[in-house]
Amino acid sequence: MKMDKKRFIYSLKKGFVFYALSTIATALLMVGFIDGTSIAELMDVEGWVFFIASCISHASQLMLVPYALFVVLLALQLPRVATITQTTAATLIFILLLLDSQVYAIYRFHINGMILGMVFGDGASQIFTFDTMLYLKEGLRFLVVVAAIVLLQWMARYVLRKRGKAYVWPVALAFAGCTLYAHVWHIYASFMQHQSVTKSAALIPYFFPTTANGLLLNMGIVAPESFDDRASSRQSTDIVYPLHELETVKPDSLPNIVLIAIDSWNSRTLTPECMPNVYRFAEQNQWFTNHLSSSNGTRSSIFGIFFGLSCYYWESFVPSHVYPLFIDRLIELGYKCQTYPSATLLDPPFDKAIFGRLKGLNITVEGDNVFDRDKKLTSMFVSDLGKQEKGKPFFSFLFYDLPHSFELTAEQNKPFSPAWSYADYTKLNNDLDPTPFWNLYRNCCHQDDKMIGEVLKALDEGGHLDNTIVILTGDHSQEFNENRRNYWGHNSNFSVNQTGVPLVCHFPGAEAAKYKHRTTHYDIVPTLMSHYLGVRNPADDYSMGRSLHDTTPRRWHLVGSNLNYAFIIGGDTILEKKAEGALEVFDPKMKPVTDFKMPVKEFDEAIKNMNKFFK
């Protein structure tokens, strides 16, 4: 039935009122993104006015899409379909932003192609494991969102009936004014480097405010002294790696090498109560107690271990098929190489980026859950160990995943209590007592300790330890809000709580010792190459590290990837370069440092060192 003009105008107004109300609700959700972040401490009046205006502006643009669909369907004389479509589209946008807020609270970045690739890519089921209760809680949250949007539709009708008008022009002008102000002010603030504006803008999901630095410079306006951008300007794919051709000799004997990595391994678990087997092994061998990873995430950390280089080089090395010199040397010396990964090597694509020259590897391990896969890889290694060809050296990489997944049955979730039955990410906030979550994590580490104990026992009882190097470490750490800055998990900051990991090494014939000097993932390959694999070049010809036993300070330790990286400098101050190019400085406890003075000479040297494998 065709609508008359009066009914059409009424429906159009009702749709607009719903648009205005849903915009306000969405803006409030986005304002909440700042809660629990260190950016809140930098906010001033200018920053708050800009941030709120930007949230309103961005929300009005997002919710304009459902309203536009509503208008089109209404014009087609489909009022009921128009209302349902607007309500559904608004609900989907709100749910997406709600999910994004949860992702941002954990990882400090918005839902992007990397997250979607991990969720829907190869081996996603082995990377993300969520308890049924978590799905139920999320489902309940989504039902609340649906109810709230339906309530907004009711409110739209109520407002229109009570007031008789939709306030179209005042609302439209207010939204347009917020948009104009947000973009114009960001042009000025980004040029003048007003942190409360530039940093708060990054909180808003899929918001790309306008900048015009080049135009302002061309107009003769002088910018303030800024962070040297040379670090992010290098895009050359001309690679010189190593700096000089390797000079090698064949060693008199070749040790076996077993590298054991635990995903998300927090150093505080290496105790006789939590990990008795690994702790005993650490006490009997060489324990490096001040060790840093090469990043706060798996891809960059594993890259750092095998290359001895920052993942800053990933985007250049991988497309150019540049493989780790460490793996090349193992192949050259006739090592039999095998991997035992609990999570797939397909995502991140370590099978190509790191092990691309090796054939016949275990790309994944079968199992119904992470515990089963960790157990399976243990038994596979122990079985293969008994079949090793005498006189032929071998290299094995074991990668455990249980502390990353938090996936335990009630029977396995021991001995520490009280412990969560699953990782309930919806509960995480700055006021939460982390003990039950921490105990669940410790129980995961305890279970992996039992399995690693089987590996160490097999090596010992088989007589292999006399001629086998064993390296035990984590790819990165797992934070449990140690600094009370509302950081949980990993991939959200570069403090020691996410980059500091244990390192325990068994070198045949070496005396037990505990070392307190700073070491890094970049030191592992140089130690093996120079002391055991016959490489005569200085370590900086092919890595960013040095011998583990070199006590020289590791100044300007580089962590992260090509887009988001940081330098960890004296006193563990963190100089972080964000993906959008901004520099943020934090103290070791992730408190923002606003008056940092850049040591220009040292910074220049660090940048040159970072880029030294580019021509």
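1. Two strands count as paired when DSSP finds at least two bridges between them. Keep that in mind for this predicted model: strand β1 (residues 256-262) and strand β5 (residues 394-400) run parallel to each other and pair over 6 bridges. If you want a spot to look at, find V258, which stands opposite S396 in β5.

2. Now zoom out to the whole sheet. It is open, has 7 strands with mixed pairing, and reads β4-β5-β1-β6-β9-β2-β10 in order. At the edges you'll find β4 (336-341) and β10 (513-515); each has a single partner strand, so one side of each has no neighbour in the sheet. From one strand to the next, the twist averages 10 degrees.

3. A quick reminder on pairing: sheet strands are held to each other by backbone hydrogen bonds, in either a parallel or an antiparallel arrangement.

4. Which strands does helix α16 touch? This helix (residues 370-385) packs on the sheet and makes contact with β1, β4 and β5. Its direction is at about 165 degrees to that of β5.

5. Last stop, H446, which sits in helix α18 (residues 435-461). Is H446 buried or exposed? Its relative accessible area is 14%, and the cut-off for buried is under 20%, so H446 is buried.

6. As for what surrounds H446, leaving out residues up to four places away in sequence, H446 touches E273, C274, P276, K414 and P415. With C274 there is a polar detail worth checking on screen: the backbone oxygen of C274 is 2.8 Å from a polar atom of the H446 side chain.

How values were computed:
Residues numbered from 1 in each chain as written. Predicted model: local features only at pLDDT ≥ 70, side-chain atom pairs only at ≥ 80, totals over all residues. Heavy atoms only, no water. Helix = DSSP H or I, 4+ residues; strand = E, 2+ residues; numbered from the N terminus. Axes fitted to C-alpha atoms, helices over the stretch in contact; angles between N-to-C directions. Contact = heavy atoms within 4.5 Å. Buried < 20%, exposed > 50% of the residue type's maximum accessible area, 1.4 Å probe, protein only. Polar contact = N/O pair within 3.5 Å; in protein donor to acceptor, adjacent residues only side chain to side chain.
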